[in-house]
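We'll go from one stop to the next, picking residues and looking at what surrounds them.

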Amino acid sequence: MSSDKAIIDISPSWDGTITSTHFHIAASTFAELWNKLVLGFPHWSWINSPKRLGFASTGVQGYLSLENMILPRFTEEDQHQCGLDGIEDLTCSSEDVFDDTAILVQKDGKERHHYDFHVIYSSSFRVPVLYFRAYCSDGEPLAIEDLEKDFPAYTAKELAISKWTFITQEEHPYLNRPWYTLHPCGTSDWMKLLFSNEPSVVSQVGVAVEKYLTSWFSVVLPIFGLKIPLKLSLDV
């Protein structure tokens with residue numbers, strides 16, 4: 001860990017949150033590393049955009065964005081083998097990596113759906129929040145019932161149990177349109193738990209802010225059947 005990196009003080013009193021400044025640093029670094037190391041997938045980018053009137057300012061005028069992602073399709077075997085743990089592969093199925101985002105129809109004849117992901121800092125919860133939208137190739141948005149068909153089995157099961165607490169639909173803070181979002185309640189708790197169990201962090205009593213966001217992604221992306229590549233995790 002280099003001395004010039006911004007550090008989060010991981011002390012017993014740390015509540016698992018980060019500042020808006022730390023979020024911006026982490027988001028910019030994550031986008032740079034993803035775009036350099038992860039080939040054949042859409043790029044992440046930082047979008048500068050002032051918030052609309054009526055929304056509290058966080059000091060961060062913008063958000064992290066990845067658009068036109070096509071999720072992997074899962075075989076029945078994949079559904080049983082894939083889980084929420086592990087960050088070695090980008091997707092559960094190595095046969096379903098797409099080098100061309102213009103591919104709209106899978107081999108089984110089913111239309112592929114497009115996903116846009118925006119990561120926005122929440123001034124209320126003081127954590128990153130994932131907003132996303134899903135749509136067909138003609139731009140028609142997907143209903144939440146259609147989302148379940150795209151998700152891996154473990155996500156679909158959770159969605160069936162707690163549909164409107166696990167995933168909610170809210171107005172996008174910057175775009176003034178309804179987007180789906182993963183509710184941030186509990187995010188700070190599991191982020192604190194993640195780092196409290198990592199020996200290197202405990203021994204150093206601190207962690208680079210870039211590591212915080214990468215760890216957050218390692219929990220969030222598997223919901224969509226995606227995982228953080230190991231090479232990206234090692235570079236932060």
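Start by selecting W44 and showing its neighbours. Leaving out residues up to four places away in sequence, W44 touches F30, A31, W34, N35, L64, S65, L66, F117, V119 and F217. Contact here means heavy atoms within 4.5 Å.

A word on what you're looking at: this is a predicted model, in which local features need pLDDT of at least 70 and side-chain atom pairs count only at pLDDT 80 or more, while totals for chains, interfaces and linings use all residues. Residues are numbered from 1 along each chain as its sequence is written, and side-chain values use heavy atoms, with hydrogens and water left out.

Now widen the selection. Which residues touch the most other members of the largest nonpolar core? They are W44, L64, F117, F132, F217 and F224, out of 53 residues in that core. A nonpolar core is a set of buried Ala, Val, Leu, Ile, Met, Phe, Trp, Tyr and Cys residues joined through side-chain atoms within 4.5 Å. Buried means under 20% relative accessible area, exposed over 50%, and partly exposed in between (1.4 Å probe, protein chains only).

Colour the elements that give this core two or more residues: α1 (20–37), β3 (62–70), β4 (114–122), β5 (127–135), α3 (144–150), β7 (178–182), α6 (187–196) and α8 (209–220). The largest share, eight residues, comes from α1. Helices (H or I, at least four residues) and strands (E, at least two) are DSSP runs, numbered from the N terminus.

Next, pick V129, Y131, Y174 and W179: they are among the six residues of a second, separate core.

**Rings**

Show the aromatic side chains. Rings of Phe, Tyr and Trp (its six-membered ring) pair if their centres lie within 6.5 Å; planes under 30 degrees apart count as stacked, over 60 as edge-to-face and the rest as tilted. By this rule there are 20 aromatic pairs.

Zoom in on W14 and Y212. Their ring centres are 6.2 Å apart and their planes stand at 80°, so the pair is edge-to-face. W14 sits in the loop between β1 and α1 and Y212 in helix α8, so the pair ties together parts that are 198 residues apart in sequence. W14 counts as buried at 8% relative accessibility, and Y212 does too at 0%.

Then move to F117 and F224. Here the centres are 4.9 Å apart with planes at 70°, so this pair is edge-to-face. F117 belongs to strand β4, while F224 is in the loop between α8 and α9 (230–234), so the two tie together parts 107 residues apart in sequence. Both F117 and F224 are buried.

**Charged pairs**

Side chains of opposite charge can pair when their charged atoms come close. A salt bridge is a side-chain nitrogen of Lys or Arg within 4 Å of a carboxyl oxygen of Asp or Glu, and the structure holds three.

- R126 and D15: the side chains meet at 3.4 Å, N to O. R126 is in the loop between β4 and β5 and D15 in the loop between β1 (7–8) and α1, so the pair ties together parts that are 111 residues apart in sequence. R126 is partly exposed at 36% relative accessible area, and D15 is partly exposed at 36%.
- R133 and D116: the closest N and O atoms are 2.9 Å apart. R133 lies in strand β5 and D116 in strand β4, so parts 17 residues apart in sequence are tied together. R133 is partly exposed at 31%, whereas D116 counts as buried at 1%.
- K149 and D146: this pair meets at 3.8 Å, N to O. The two are three residues apart in helix α3, which means they are separated by about one helical turn. K149 is exposed at 64%, and D146 is partly exposed at 26%.

**Last stop, then zoom out**

Select S215 in helix α8. Is S215 buried or exposed? With a relative accessible area of 10%, S215 is buried. Setting aside residues up to four places away in sequence, S215 touches M191, L194 and F195.

Finally, show the whole protein: nine helices and eight strands. Of its 236 residues, 49% count as buried. Among contacts between residues at least 6 apart in sequence, 65% join residues at least 24 apart.
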